[in-house]
Amino acid sequence: MAGKVHLIGAGPGAADLITVRGMRLLQAADAVLFDALVQPEMLQYCPQAVLIPVGKRCDKASTAQRFINKMLVDAAHKYARVVRLKGGDPMLFGRAQEELAALDEAGIEYEIVPGVTAALAAAADSAISLTRRGFARNVLFATARVGEGEQTSDWLKPVLAADTTVLYMGVKQSAAIAAALLAGGMPPDTPLLIVENASLPGCREFPLTLRELPQAATFQLDGPAILLIGEVYRAKLALADEVRKAG
Ligand code: SAH
């Protein structure tokens, strides 16, 4: 008889931002497969479990994902309580569907526990509401795929239409993203905010305009970073400008 798999959102990084349900399941797990984005502190909840790192950076080939699927199925054949711990929320940009399909195919039972996604942790750190009244009535969670030969319009159109956009996995491609947004007609003075290491002690914020976005390549970010776009960030930008001028 195969075990059961719990797909759990670890949250954005801080060990106490996992849900109580997620933590309890970790405490009872026999084996835990975890992502590169999962912080080591979180694994202190499951000293009893066999720890299986399945770190994969987002730009690696899909064979890596197939390998993870196989490891998950194998673990469920070996252990009764398997946890698949994924950064943020498992159902947002986390390849959860591929893993669930593999479990379905193998006839393995599973349950999903949501987590705090990076967008919401970044909003908390920035103290700017994603849906500030009078500025934004909708939020888009998106990712920009501007790799070679890929269409940029898939992500561009909704970003141009959204009040607030949270762009995952985009900061390394800042220059290409800025070029696409400007070409799409987004005003160069559109306020943006980059949040690095949301919820973690090394959290940093960079308010900037769309025109300045290509400079993000020089920020020397060493943790995960997310790009927020929208009028809600204008006040923060103005404040940063004042500080810059005074300094
Ligand atoms: N499922 C995850 C997202 C995985 S994609 C979630 O719901 O949050 C990975 C991307 O998430 C990173 O490239 C980065 O853009 C963002 N991210 C994850 N953790 C982050 C953090 N602590 N601070 C800022 N961005 C983060």
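Helix α5 passes helix α6 in a right-handed crossing, meaning that the near helix is turned clockwise from the far one by less than a right angle. This is a predicted model, where local features need pLDDT of at least 70, side-chain atom pairs count only at pLDDT 80 or more, and totals for chains, interfaces and linings use all residues. Residues are numbered from 1 along each chain as its sequence is written, and side-chain values use heavy atoms, with hydrogens and water left out.

**The α5/α6 pair**
- Contact here means heavy atoms within 4.5 Å; α5 brings W155, L156, V159 and L160, and α6 brings I177, A180 and L181.
- Those residues split into seven nonpolar, no polar and no charged.
- α5 (153-161) and α6 (174-183) pack at about 60 degrees, axes 10 Å apart; axes are lines fitted to C-alpha atoms over the stretch in contact, with angles from 0 to 180 degrees between N-to-C directions.
- Helices are DSSP runs of H or I with at least four residues, strands are E runs of at least two, and both are numbered from the N terminus.

**Strand β7**
- Five of the five residues in β7 (164-168) are buried, that is, under 20% relative accessible area with a 1.4 Å probe, protein chains only.
- T164, V166 and Y168 cover one side, with T165 and L167 on the other.
- β7 pairs with β6 (139-143) in the parallel sense over five bridges, and pairing takes at least two DSSP bridges.
- L140 sits opposite T165.
- With β10 (225-230), β7 pairs antiparallel over four bridges, and V166 has L228 as its bridge partner there.

Technical notes: Ala, Val, Leu, Ile, Met, Phe, Trp, Tyr, Cys and Pro count as nonpolar, Asp, Glu, Lys and Arg as charged, and the others, Gly among them, as polar. Buried means under 20% relative accessible area, exposed over 50%, partly exposed in between (1.4 Å probe, protein chains only).
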